[in-house]
Amino acid sequence: MQDEIRASLGNPKQLEEVYRSDKSGFEKAFNELYPEISHHEMAAFWKARLEYGAGKQNVALISRKDLFYVALSCAVAGFLIKLPDIIGFDAEATLFYQKNAGLIVFFGLSLFALLKRDLLDVRLMLISFTVFVLSAVYINLLPASWERDSVVLAYLHLPLLMWCYYGFIFIGAGIKEKSKRMDFVKYNGDLAILLPLIAIAGGILTAVTIGLFSAIELNIEQFYFENVVIIGAVSAPVVATWIIREFPSVAGKIAPVIANIFSPLVLITLVVYLVSIVITGKDPYNDRDFLIAFNLLLVGVMAIIVFAVSGLSDGKAQRFARITLFALVIVTLVVDMVALSAIVYRLGEYGFTPNRTVVLGSNLLIFGNLALILIDLYRANFKTTEIQQVETTIATYLPIYAVWTIFVVFAIPLIFGMT
């Protein structure tokens, strides 16, 4: 979207068309791009126009149609998550929630995204319905057991695969455009910030509701948690998505700002952590639990790096943030190399298992992504490359994660025989 705005500054009609194609996306992209184009007369006009519109925004402008789409998507997700009670089967024995919760959440999100399109695409809706149904059939045909590693990996990675497919729906026709992919990444950052806020508000409402009914000696705790809370949990992502789309100024740059604030802290923490490993003599090569924690740390830091990159610009004011991020990527690569060496060591000692295979593949993917980000950050900090090139690299790499997720969900159980 930023590239389209930049290219259309000299063409008022074309810029208006870009705005009408995705108003909330345009406003978000324009606000991020404004420091770079503020000298342009057309940019000043659009800033005044968008700020005036934001000042006039109120509850009366909320579309009833959009509220219906939100309610419908939440109702469908709520109905699906309550299937064990509606049909009458043992959710614990079948591991229904473990297998299907992520699938149901992304089905609700995908339904909302499809309904929100300017023109309903019946073909895409049918394809999407088929994808989700086949995925549900597949995952529920797998054995219901936490003792079969290859099956558990399929449980854990299917939501990631559905996230990838939801991204395909979210981006729409611009799937080949790197900027559209980064818009999806930024949306996920905003979602990660907004969901806990909704959860806190829901927790307060739950406490107040249960307390009020307890005061009149009505114990509704079990009913409330089994119905209201569980339906609210699968509905919250849809509500958060609606807020992000309709009120981009509410969540617009929260994730990048928080990521940039925490980047120096994470950098210091990682350096101290690596030094502490040496001092305490902790051994990731023979301590399986420690190695798992090491890899979870790596994934978390990788997420912070991606969200921080989305909030950077080429201005001198952000040079410290870019240098900090460059250093953080270097330290994270060191962490990844330690993890990789430990995984290779354990493969040599104990052989291939589903878990070791997936952890090895995931670490190699992250290592490759970090290496490319490091090269671009070096060029952005010490050469003439624009920081937006880092975003392009991240966006280009995303399909690789999708392919790997497909492999884990469908191939790993076959290769290792669901053991």
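The second largest pocket is lined by 41 residues, of which His 157, Leu 160, Val 299, Ser 362 and Ile 366 lie nearest its centre. A pocket is found on a 1 Å grid over the protein atoms alone, as an open set of points where a 1.4 Å probe fits, with protein on both sides within 12 Å along at least five of seven lines; lining residues have an atom within 4 Å of a point. The model is predicted, so local features need pLDDT of at least 70 and side-chain atom pairs count only at pLDDT 80 or more, while totals for chains, interfaces and linings use all residues. Residues are numbered from 1 along each chain as its sequence is written, and side-chain values use heavy atoms, with hydrogens and water left out.

**The second largest pocket**

- This pocket holds about 1,600 Å³ of space, a volume being the space filled by probe spheres set on the grid points.
- Two or more lining residues come from each of α10 (149–171), α11 (178–215), α15 (288–309), α16, α17 (354–382) and α18 (388–415); helices are DSSP runs of H or I with at least four residues, numbered from the N terminus.
- The element that gives the most to the lining is α15, with 11 residues.
- By class, the lining has 28 nonpolar, 9 polar and 4 charged residues; Ala, Val, Leu, Ile, Met, Phe, Trp, Tyr, Cys and Pro count as nonpolar, Asp, Glu, Lys and Arg as charged, and the others, Gly among them, as polar.

**Helix α16 and the residue after it**

- Helix α16 (residues 319–350) has 32 residues and should span 46 Å at 1.5 Å a residue; its end C-alpha atoms are 46 Å apart, which agrees. The expected span is 1.5 Å times one less than the number of residues.
- Gly 351 follows α16 and has a positive phi, near 85°.

**Salt bridges**

- The structure holds 3 salt bridges, each a side-chain nitrogen of Lys or Arg within 4 Å of a carboxyl oxygen of Asp or Glu.
- Asp 66 and Lys 116 form a salt bridge through their side chains, at 3.1 Å from N to O. Asp 66 lies in helix α5 (residues 64–81) and Lys 116 in the loop between α8 (96–115) and α9 (122–141), 50 residues apart. Both residues are buried, a term for under 20% relative accessible area, with exposed meaning over 50% and partly exposed in between (1.4 Å probe, protein chains only).
- Lys 186 pairs with Glu 391, the closest N and O atoms being 3.8 Å apart. Because Lys 186 is in helix α11 and Glu 391 in helix α18, this pair ties together parts that are 205 residues apart in sequence. Lys 186 counts as buried at 6% relative accessibility, and Glu 391 counts as buried at 12%.
- Lys 82 and Asp 85 meet in a salt bridge at 2.4 Å, N to O. Lys 82 counts as buried, at 9% relative accessibility.

- Most residues other than glycine have a negative phi.
- Leu 95 has a positive phi of about 55° and is found in the loop between α7 (91–94) and α8. Leu 95 is buried, with a relative accessible area of 7%.
- Glu 217 has a positive phi near 60° and is found in the loop between α11 and α12 (221–246). Glu 217 is exposed, with a relative accessible area of 76%.
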